[in-house]
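Good morning, colleagues. I would like to take you through one chain this morning, beginning with a single residue and then widening the view.

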Amino acid sequence: MKREELEATWARTNRRWWTKAQEQIGRMNKYTCKTCGGSIITQDADAGVTPMFLACRATEGCLGSMASSMYVCNDDAPPTHEWFRPRSDKKMSPEERDYWRNGGLSLREVA
Ligand SMILES: [Zn+2]
């Protein structure tokens, strides 16, 4: 399935959620690792949902888990990562596909 088809489905079947999700594009969030204390700043580049916990992305080799600050982010620092929706679910595992079809966004480093 392509991203456009998925989003058209939401516009048809879940319009209230989809409208609200689109209004929230651009939101910044902070995830902090409980193990190393490192953090990353994320920005929503697309409309969708993001997880509460993440494998640590602040320190290479850290096996800790990062927790969301629930979009409370008072840092002036620019985002280090962005949440985006991949263009299609073609190359995804079944778990990734489920997540994607339910509005889940993927994380990548901001270049
Ligand atoms: Zn860590």
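This is a predicted model: local features need pLDDT of at least 70, side-chain atom pairs count only at pLDDT 80 or more; totals for chains, interfaces and linings use all residues.

E5 belongs to helix α1, which covers residues 3–13. Where does D89 lie relative to E5? The two are 84 residues apart along the chain, and their C-alpha atoms are separated by 11 Å.

Let me now turn to the chain as a whole. The secondary structure consists of 3 helices and 6 strands. In sequence order, the pattern reads α-α-β-β-β-β-β-α-β. The radius of gyration is 15 Å, close to the 13 Å that the globule rule gives for 111 residues, so the chain is as compact as a globular protein of that length. Along the principal axes, the C-alpha atoms fill a box of roughly 45 × 30 × 25 Å.

Next, the contacts. Among those with a separation of 6 or more, 59% are between residues 24 or more positions apart.

Finally, the interior. Of the 111 residues in the chain, 13% are buried. Which residues form the largest nonpolar core? There are 5 of them: Y31, C33, I40, C56 and M66. Setting aside neighbours within four places in sequence, M66 is in contact with Y31, T32, C33, F53, L54, C56, R57 and A58. Y31, C33 and C56, which are among these partners, also belong to the largest nonpolar core.

Thank you for your attention.

Notes:
Residues are numbered from 1 along each chain as its sequence is written. A nonpolar core is a set of buried Ala, Val, Leu, Ile, Met, Phe, Trp, Tyr and Cys residues joined through C-beta atoms within 7 Å. A residue is buried if 20 or more other C-beta atoms lie within 10 Å of its own, exposed if 12 or fewer, and partly exposed in between; C-beta atoms are placed from the backbone. Two residues are in contact if their C-beta atoms, placed from the backbone, lie within 7 Å. Helices (H or I, at least four residues) and strands (E, at least two) are DSSP runs, numbered from the N terminus. The radius of gyration is taken over C-alpha atoms; the globule rule is 2.2 Å times the number of residues to the power 0.38.
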